[in-house]
Amino acid sequence: MKPRVITEYAIHSPKIHRPRLLAVVSDLHNRRFDDILVACARAEAMLVPGDLIDICPHHAALGLDFLRQMAARMPTYYTYGNHEDLCDDAFESQVRGTGAVLLNNAFCNHDGLVIGGLHLYDKPRLFSLHDRRNIGDGLVGTATRMLGALEQEKGFRLLLSHKPEWFARLVRQRDVDLTVSGHAHGGQIRLFGQGLYAPHQGVLPRWTRGLYEDDRLLVSAGATNTEWVPRIGNPCEILLVRLLPPPA
C-alpha cells in the first residue's frame, strides 16, 4: 500500500477557548497502522468514525489492536460503520475491553468537547436482528433522541457519523458544530477534485473528501484501500483537525 498522507484542517469556533488537536482515522478495515501511531502522537484524542474492521469477527484483530494501542496513548472515541453491522455483543465487549469509548448513538464530554456517535444500520433487516430492544422506530428513533439530547449540552458539539449521507438526513438542521465522516473512500478515483464513485452515493458523489456544508461536515478519504480498483489522485489519509478560537 502506498504511504498514507497526513491532511490537516483548521476549524474556528467561538466555543473553542484554546487550541485543540484531534486525530481522525476512518475506514482502517483491519489493516496495518504503525505509521498512524507516529503521525497522531501530538493529538489529544483519536476519533474513529467506523469501518475499523473488515468482516466481523474474522477480520477484526488488527482493528481491535489499533484501538487498544491508541487508547493507551490518548482518549479514543469510536462508532460503528457498515462493516460493523453484523458484529454481535461479543465484539462490543472486545471493543470496550480495549479502553476505547464506544459511542453508538451516545455521547460523552471530553474536557469541554461534546463528542457523540451516530449509528444506523446499512440494511433495514438488521433492525430485527440486532436492535430487538428498539422495535418500532429502530435505530433512527434512537439516533434522533440522542441528537436531541446532544444539542442540549454546552460546548463544542462534535459528531462521528460513518456515512456522510446521514448528515443530510438527520444532522443538517441540528445544532451540531462539526460532523466527521468517512465511508466514501474519497471517490476512489479523483479527477479535477471530483470523486468518481462512492458506495451509497453512486457516480459523481457529493461528499467524498474534505470540508462541506459551511465547514460543518468533514469527510475523510479513509486510511486504506479495500477495492480492486486502485485509488488514483486520491491517497489514503490520516486527518489532523485543529479546533481553534476565532481569528483575532
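In which loop does Asp-111 lie? Asp-111 is found in the loop between strand S6 (106–110) and S7, where helices (H or I, at least four residues) and strands (E, at least two) are DSSP runs, numbered from the N terminus. The model is predicted: local features need pLDDT of at least 70, side-chain atom pairs count only at pLDDT 80 or more, and totals for chains, interfaces and linings use all residues. Residues are numbered from 1 along each chain as its sequence is written, and side-chain values use heavy atoms, with hydrogens and water left out.

Asp-111 has a positive phi of about 50 degrees, although it is not a glycine. At 54% relative accessibility, Asp-111 counts as exposed; the term means over 50% relative accessible area, whereas buried means under 20% and partly exposed lies in between (1.4 Å probe, protein chains only). Asp-214 also has a positive phi, near 55 degrees, and is likewise a residue other than glycine. Asp-214 sits in the loop between strand S14 (210–212) and strand S15 (217–219), and Asp-214 is exposed, with a relative accessible area of 76%.

Strand S7 (residues 113–118) pairs with S8 in the parallel sense over 6 bridges; two strands count as paired if DSSP finds at least two bridges between them. In this pairing, Val-114 stands opposite Arg-157 in S8. Leu-118 also lies in strand S7 and, at 0% relative accessibility, counts as buried. Leu-118 and Phe-167 are 49 residues apart in sequence, and their C-alpha atoms are 9.7 Å apart in space.

Strand S8 (residues 156–161) is mostly covered, with 6 of its 6 residues buried. In a regular strand the side chains alternate between the two faces of the sheet. In S8, Phe-156, Leu-158 and Leu-160 point one way, while Arg-157, Leu-159 and Ser-161 point the other way, and all are buried. S8 also pairs with strand S9 (residues 178–181), in the parallel sense and over 3 bridges. Here Leu-159 stands opposite Thr-179 in S9. Both faces of S9 are covered: Leu-178 and Val-180 on one side, and Thr-179 and Ser-181 on the other, are all buried.

The next element to consider is an open sheet of 6 strands, which has the order S1-S16-S2-S3-S4-S5 and mixed pairing. Its edge strands, strand S1 (5–12) and strand S5 (101–102), each pair on one side only. Strands of a sheet pair through backbone hydrogen bonds, either parallel or antiparallel. Strand S2 (residues 20–24) and strand S3 (residues 45–49) pair in the parallel sense over 3 bridges, and Ala-23 stands opposite Met-46 in S3.

Not counting residues up to four places away in sequence, Ile-36 touches Arg-4, Val-25, Leu-28, Met-46, Phe-66 and Ile-238; contact means heavy atoms within 4.5 Å.

In the loop between S3 and H2 lies His-58. His-58 is exposed, with a relative accessible area of 66%. The C-alpha atoms of His-58 and Arg-242, 184 residues apart along the chain, are separated by 35 Å.

The second largest pocket is lined by 19 residues, of which His-185, Gln-188, Tyr-197, Pro-199 and Glu-227 lie nearest its centre. A pocket, on a 1 Å grid over the protein atoms alone, is an open set of points where a 1.4 Å probe fits, with protein on both sides within 12 Å along at least five of seven lines; lining residues have an atom within 4 Å of a point. About 290 Å³ of space lies in the second largest pocket, the volume being the space filled by probe spheres set on the points. By class, its lining has 7 nonpolar, 9 polar and 3 charged residues; Asp, Glu, Lys and Arg count as charged, Ala, Val, Leu, Ile, Met, Phe, Trp, Tyr, Cys and Pro as nonpolar, and the others, Gly among them, as polar.
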